[in-house]
Amino acid sequence: MQTTSPKFKALSRAALADRTLQVSLDGLRRIMPEIRTAALNEMSDFEATCDQAAEIRNTAIASLDHYLRQFERQVQASGGQVHWAATGEEACQIVGRICSAAGAKKIIKSKSMVTEEIELNAWLENRGARDGQFEVTETDLGEYIIQLRGEKPSHILAPSLHVTLEEVAETFHAHHQIERQQPLSDPADMLVEARRVLRQKFLAAEVGITGANFLVAETGGVVIVTNEGNADLTACLPDTHIVVTGIEKVVPTLDDVGVLLRVLARSAIGERLSNYTTFVQGPRRAGDSSGPGNYHVVLLDNGRSNLLGTEFQDMLRCIRCSACLNHCPVYTAIGGHAYGSVYSGPMGAVLTPALSGLSSATHLPNASTFCGRCESVCPVRIPLPKMLRHWREQEFKRKMAPAGQRVGLRFWRILNRRPFVYRWVMRLVAIILRGFSRAGKNGRRWIRRLPLLGAAWTQQRDMAAPAPKSFQTKWRRQGAAK
Amino acid sequence: MSQTLSAREQILAAIRGAKPAPATDSTSTPRPTLQLTSPPDDPDTSIERFMSLAREEAATAERVAEAADVPRAVLRYLRSERLSLRLIIAGNARISGIVWESTADLDCAAEPVADDGDTVVTGCYAGVAEAGAVVTLSSSDHPSEFNFLAATHIVIVPASVVVDSFEQLWPRLRADYPERWPRMMNFIVGPSRTADLGVPSRLGAHGPSRVHIIVVDSC
């Protein structure tokens, strides 16, 4: 997985200054928490359902090899083929071979973060095209827009979140080769045009590639969730259907899928269920008038099995709902591109170092205030802040953190282990800080400007002055009074 | 092929090496599932819930007494929406008691593939009240693309197939398909939509822009 994560700081600064991006992010920040809360308040037992969802994912992960083999047997019994890929490169090669064998020229895809992770489109269009050009067309509207623009997704669910309507209109104008004076202005017309263009692609394609939301061991079923219906047409119309997905997506039974579906759409888009939830069990049957004759499932590891048995195993529970992105004060300030990885926000900050190496993503685990909102909205109870902390510990141990930070942390450790010294140093710091403070709003004192190291904080924001008496002092006095 | 075979062994060995854990076969010993939704008091509650939640997701829904009423209901709907009276009728919508040809104004075609402007009528396997979802299974009588290619999808839902929750659907499915699962199972909640062209989301992305549900009390 290629990342630009080392440039995180510069990209974040640019994102904060990007006016149009800030408008999109502001919309996300205001709308998503509200519609999610409304959707889950409708259920009397949403929190219990999340506990159950987490337990289901844990059960699957605890016996991953068993459920994967059961899934494989069921797919094979239905006439499909299962392929295993240890790396992204292997997965691309497998897909390339299937496309070549199918004599394919035109390939349609529905949105899949796993194929973004392994950069399948680029592989097919460049390296896979030895004896003929593969033309790959994304059919999720957001993914189609960024494909035309040559961009990466900036949100795992809404990949074109950063693109304004005007930019969409210009993009369509530049690529659709339709005679007209100026770009469309009404989004309804843009939708009609995109639907018409993509419908032709659907009907002409020889291969359809989709991802999967869940794999069902009991039935060998692949569950795909969309609102547009594009995954369904991708799985119905071409003669070859290839599913590319991660090994961690398997769950034991249909009952388990039902529980996970209850929390997925509510967490993701504030809906009870997405418009289309599709279960695919193999290729066309005898007597069927349509459906793919060839059906393949590619199971990708790409670093996932390395997380088993480690402090990052819980990350494998992730169902890619994006609630942690939508509720993250860092993601909603800088957007997805700053992370430099197709996985962004808190889940991306945990997953990217795991998949592409900590050394190429040292900034990401530090891009968190540890406010804990991500963990509180996660429908499968992933302790995201705890795992970010694990990465920070590794950075410290492996001497990857900057020298200043390491010295600071060492100093902090020394203080923390000596309560008496800690209290006196804190008292001193509080007195100094109060010296810099001025009376401000809410009858409190605020610090507007600090010298030296403190300037890094006050350049961007005010800081509340420490209270005249520390909590510990008050506590002791209260205890003495009793 | 040898390379992919080794990838399989490599991955499974990595999993086993990292996590030796006891396994239970999920088909032979289904794990107990916590019943999260309370069972319905009477079927009517589920049907009304199913229809009202489908309406919330931009579908339209009506209820008729018997199969013979369906063609007239379809005609009424097409006229109210000012749609063409030409229909493509899936095999599983030819439920006994529905005489499509009895309504003279309807033009009932038997085209295999639906075009973008068409109206398709299909049956369904179930309705799930908790999500306002219609469930269809692919078959020669109901190719899955019928659900997605047309602009308007009319679904006939016999009242007897409406269940309250997912938990009530799965046992039915296992009982009806003991040997082999259907190739494709589609849960459909209202018309196709996209949120990629601004807020609010827009109907008719790739699939139908209209979904009309007709619940039939006795058929």
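How many residues of chain B are in contact with chain A, and how many residues of chain A do they meet?

A: First, the ground rules. This is a predicted model, so local features need pLDDT of at least 70 and side-chain atom pairs count only at pLDDT 80 or more, while totals for chains, interfaces and linings use all residues. Residues are numbered from 1 along each chain as its sequence is written, with chains lettered from A and ligands numbered from 1 in the order in which they are written.

Now the contact itself. On the chain B side, 59 residues are in contact with 73 residues of chain A (contact: C-beta atoms, placed from the backbone, within 7 Å). Four elements of chain B each give two or more residues to this side: α1 (2–18), α4 (166–176), β9 (184–188) and β10 (193–194). Helices here are DSSP runs of H or I with at least four residues, and strands are runs of E with at least two, numbered from the N terminus. The most comes from α1(B), with ten residues. By type, the chain B side splits into 30 nonpolar, 17 polar and twelve charged residues. Nonpolar means Ala, Val, Leu, Ile, Met, Phe, Trp, Tyr, Cys and Pro; charged means Asp, Glu, Lys and Arg; the others, Gly among them, count as polar.

Next, β9(B). It pairs with strand β9 (residues 276–280) of chain A. The sense is antiparallel, over five bridges. Two strands count as paired if DSSP finds at least two bridges between them. One bridge sets A:Thr277 against B:Phe187. Strands of a sheet pair through backbone hydrogen bonds, either parallel or antiparallel.

Within chain B, β9(B) also pairs with β6(B). That pairing is antiparallel too, over four bridges. B:Leu137 has B:Met185 as its bridge partner in β9(B).

Strand β6 (residues 133–137) of chain B has five of its five residues buried, so it is largely enclosed by the rest of the structure. Buried means 20 or more other C-beta atoms within 10 Å of a residue's own, exposed means 12 or fewer, and partly exposed lies in between; C-beta atoms are placed from the backbone. B:Ala133, B:Val135 and B:Leu137 point one way from β6(B). B:Val134 and B:Thr136 point the other way, and all are buried. In a regular strand the side chains alternate between the two faces of the sheet.

β6(B) has a further partner. Three bridges join it to strand β5 (residues 126–128) of chain B, and the two run antiparallel. B:Ala126 is bridged to B:Val135. The hairpin of β5(B) and β6(B) has four residues between the strands. In that hairpin, B:Gly132 takes a positive phi near 65°.

Step back to chain B as a whole. It has four helices and twelve strands. Of its 219 residues, 46% are buried. Among its contacts between residues at least 6 apart in sequence, 74% join residues at least 24 apart.

B:Val135 turns up again in the largest nonpolar core. A core here is a set of buried Ala, Val, Leu, Ile, Met, Phe, Trp, Tyr and Cys residues joined through C-beta atoms within 7 Å. This one has 191 residues, and those touching the most other members are A:Val95, A:Ile107, A:Val244, A:Leu260, A:Val298, B:Val135 and B:Ile213. Helix α12 (residues 254–269) of chain A supplies its largest share, ten residues. Domain 1 (1–37 + 322–417) and domain 2 (43–305) of chain A both give residues to the core, so it lies between them. Domain bounds come from an automatic or database domain assignment.

Leaving out residues up to four places away in sequence, A:Ile107 touches A:Cys99, A:Leu124, A:Phe134, A:Glu135, A:Val136, A:Ala205, A:Val207 and A:Ile209. β10(A) pairs in the parallel sense with strand β7 (residues 240–246) of chain A, over seven bridges. There, A:His241 stands opposite A:Tyr295. Five bridges also join β10(A) to strand β1 (residues 81–85) of chain A, again parallel. A:Gln81 has A:His296 as its bridge partner.

Technical notes:
Contact = placed C-beta atoms within 7 Å.
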